[in-house]
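Please look over the chain shown here together with its model before reading the notes on it. The points that follow are grouped by topic.

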Amino acid sequence: MWRSQRPPAGNDSTDCANKAAPCATIQRAIDVAAPNDQVWIAGDTYARPGTVAVITKELRLIGGFDPNFTGSDPDLYSTVLDAQWAGSVISLTDAGEVLLQHLALTHGDGTGNCDAGGCGGGVYAAGSTMLRLEGCLIADNVGTTVDQGLGGGLYLRNGLAEIRRSRIVSNSASTASAGDGYGGGIYLYNAMASLVENQILDNVASAARTGSGGGVYFYDVSPGEVLGNVVRSNRAGTGAFGSDGGGLWLGFSSGLYVAGNRIEGNWTNPNQAGYGGGVYVVESDAHLTANTIVSNVTGAGGWVRPGGGVMIGSSRPVTLSNNLIAGNDAGSYGGGVYAAIYMPAIPSRAVLVNNTIADNGGSGVVTQWHAALTLTNNIIAGHGTGLAAYTAFTGSVYADTNLFWNTADPITGANAIQQDPLLTPDYRVPPNSPAVDAGLTIPWLATDLAGYPRPQRGRYDLGAFEVLVSYLPLVARTVP
């Protein structure tokens, strides 16, 4: 094991192998380590004007150690790597498998890493790299300050990214006045991805122009999973119009599974139009299930701004099941869900099963142009318009056994229930709701949003939640 500790305790003239004589810099410890070794880093701030760690071999960098390397406590011994705005904090090229654990990466600037602009302010990873990130903080980094930027917090191309229990906070892909941005927090291209139980907060794709993927940007990711994350208060762009995917931008990818996330308070653009305030799925096959998608916005008005909660523009199948989609805003263009694609004869394919879509302003679900939309067992309530197909619609809508309770319901399909669902403040249904025991059997959907079995009785309930059945044991009463 090779160890690093800042001066005066550290000394780069050593080989770092003895805990009593650690290196002074992280780079020295990396350089003398053999492939597959561990580099232990004592809690401290390691600041230098430039990249703090350049890695080109398989390693494990682990922070949070006490000064004597007798134990690790990341909360007590914070290990901070600070690039002082003069390079990416960590750079990995053809490094194989690398683990970064219990590290805080800050003040990185990826300008110059990618063509005219820059990428990967916190972490830049290219080539055959399998990056595993666990228990880290990536905060206050920028992809570039001069032009187009990719991945303010993390950029990975042609590899694998496994990011667990980490915080990706307040990063920007581009802060340039003339630069678009992609992936304020995370940018992955031609990669396999696993994002599990992270907090992705307050990131911006473009701080001055249009952007995509305020929190996360996937392009050509296969497969990819996004599980149990909090994606909150991210912004795609701040230009005049055209930004998309405030929280998640999922494009040209396959085998995507997005489950159990809270996607909340994200914007495509706080000034004008945008597309997909919470999630934008474009030309990808994806399953979004058991997510809470609330209070996302596609702009302040002026232009068409579709899909406050979710926008789907994919000729490949997209399924939404067991999601709560509530309190989002897109004006009249699908505050909850918008499905459309502009290419003729290639419909956007979307299947909505057992979702609760409620209180999303002017409209709940809207389809337009070319789309093939199927809805079963959903609750759509509390909108100006529940389910509608707008002008120039040449696709199809198949709806069976859904509950509608809106000011206007232009499309209800077969076996519709048009009664008040009696939703509780947390959007569950009480036992006396008309949604209880009213649904069709969906054999592949065996649980609800909370993870409880479906059905609780003989038939499925409508919406994202089942009403739970409580069973009490037989109690014998003795009469005196």
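This briefing covers a sheet, some backbone features, a pocket and the salt bridges.

The model is a predicted one, and local features are taken from it only where pLDDT is at least 70. Three strands form an open parallel sheet in the order E14-E18-E22, the largest pocket holds about 240 Å³ of space, and the count of salt bridges comes to 14.

**The sheet**

- In the open sheet, the strands follow the order E14-E18-E22 and their pairing is parallel; strand E14 (142-144) and strand E22 (204-206) stand at the edges with a single partner strand each, so one side of each is left without a neighbour in the sheet.
- Neighbouring strands of this sheet are turned against each other by 5° on average, with direction ignored.
- Strand E14 and strand E18 (residues 172-174) run parallel and are joined by two bridges, and Thr144 stands opposite Ser174 in E18.

**Backbone features**

- Most residues other than glycine have a negative phi, and most peptide bonds are trans.
- Ser222 and Pro223 are joined by a cis peptide bond with an omega of about -10°, and Pro223 lies in strand E24 (residues 216-227).
- A cis peptide bond also joins Arg454 and Pro455, where omega is about -10°; Pro455 is found in the segment after strand E45 (403-405).
- Asp94, although not a glycine, has a positive phi of about 45°, and this residue is found in the loop between strand E7 (90-93) and strand E8 (96-101), where its relative accessibility of 46% makes it count as partly exposed.
- Asp202 is likewise not a glycine and has a positive phi of about 60°; Asp202 lies in the loop between strand E21 (199-201) and E22, and at 42% relative accessibility it counts as partly exposed.

**The largest pocket**

- About 240 Å³ of space lies in the largest pocket, which is lined by 15 residues, the closest to its centre being Leu103, Ala104, Gly135, Cys136 and Leu137.
- The lining of this pocket divides by class into seven nonpolar, five polar and three charged residues.

- Side chains of opposite charge can pair when their charged atoms come close.
- Arg165 forms a salt bridge with Glu197, with the closest N and O atoms 3.8 Å apart; the pair links distant parts of the chain, 32 residues apart, with Arg165 in the loop between strand E16 (154-164) and strand E17 (167-169) and Glu197 in the loop between strand E20 (186-196) and E21.
- Arg165 is partly exposed, with a relative accessible area of 42%, and Glu197 counts as partly exposed at 44% relative accessibility.
- Between Arg316 and Asp285 there is a salt bridge whose closest N and O atoms are 3.9 Å apart; Arg316 lies in the loop between strand E34 (310-313) and strand E35 (318-321) and Asp285 in the loop between strand E31 (279-282) and strand E32 (286-289), so the pair ties together parts that are 31 residues apart in sequence.
- Arg316 counts as partly exposed at 29% relative accessibility, and Asp285 counts as partly exposed at 23%.
- Asp437 and Arg457 meet through their side chains in a salt bridge of 2.8 Å, N to O; Asp437 and Arg457 each lie in the segment after E45, so the pair ties together parts that are 20 residues apart in sequence.
- A network of salt bridges links Glu97, Arg132, Glu162 and Arg164.

Key: Residues are numbered from 1 along each chain as its sequence is written. This is a predicted model: local features need pLDDT of at least 70, side-chain atom pairs count only at pLDDT 80 or more; totals for chains, interfaces and linings use all residues. Side-chain values use heavy atoms; hydrogens and water are left out. Two strands pair if DSSP finds at least two bridges between them. Helices (H or I, at least four residues) and strands (E, at least two) are DSSP runs, numbered from the N terminus. Axes are lines fitted to C-alpha atoms, for helices over the stretch in contact, and angles run from 0 to 180 degrees between N-to-C directions. Buried means under 20% relative accessible area, exposed over 50%, partly exposed in between (1.4 Å probe, protein chains only). On a 1 Å grid over the protein atoms alone, a cavity is a set of points where a 1.4 Å probe fits but cannot get out, and a pocket is an open set with protein on both sides within 12 Å along at least five of seven lines; lining residues have an atom within 4 Å of a point. Grid points are joined across faces, edges and corners, and a volume is the space filled by probe spheres set on the points. Ala, Val, Leu, Ile, Met, Phe, Trp, Tyr, Cys and Pro count as nonpolar, Asp, Glu, Lys and Arg as charged, and the others, Gly among them, as polar. A salt bridge is a side-chain nitrogen of Lys or Arg within 4 Å of a carboxyl oxygen of Asp or Glu.
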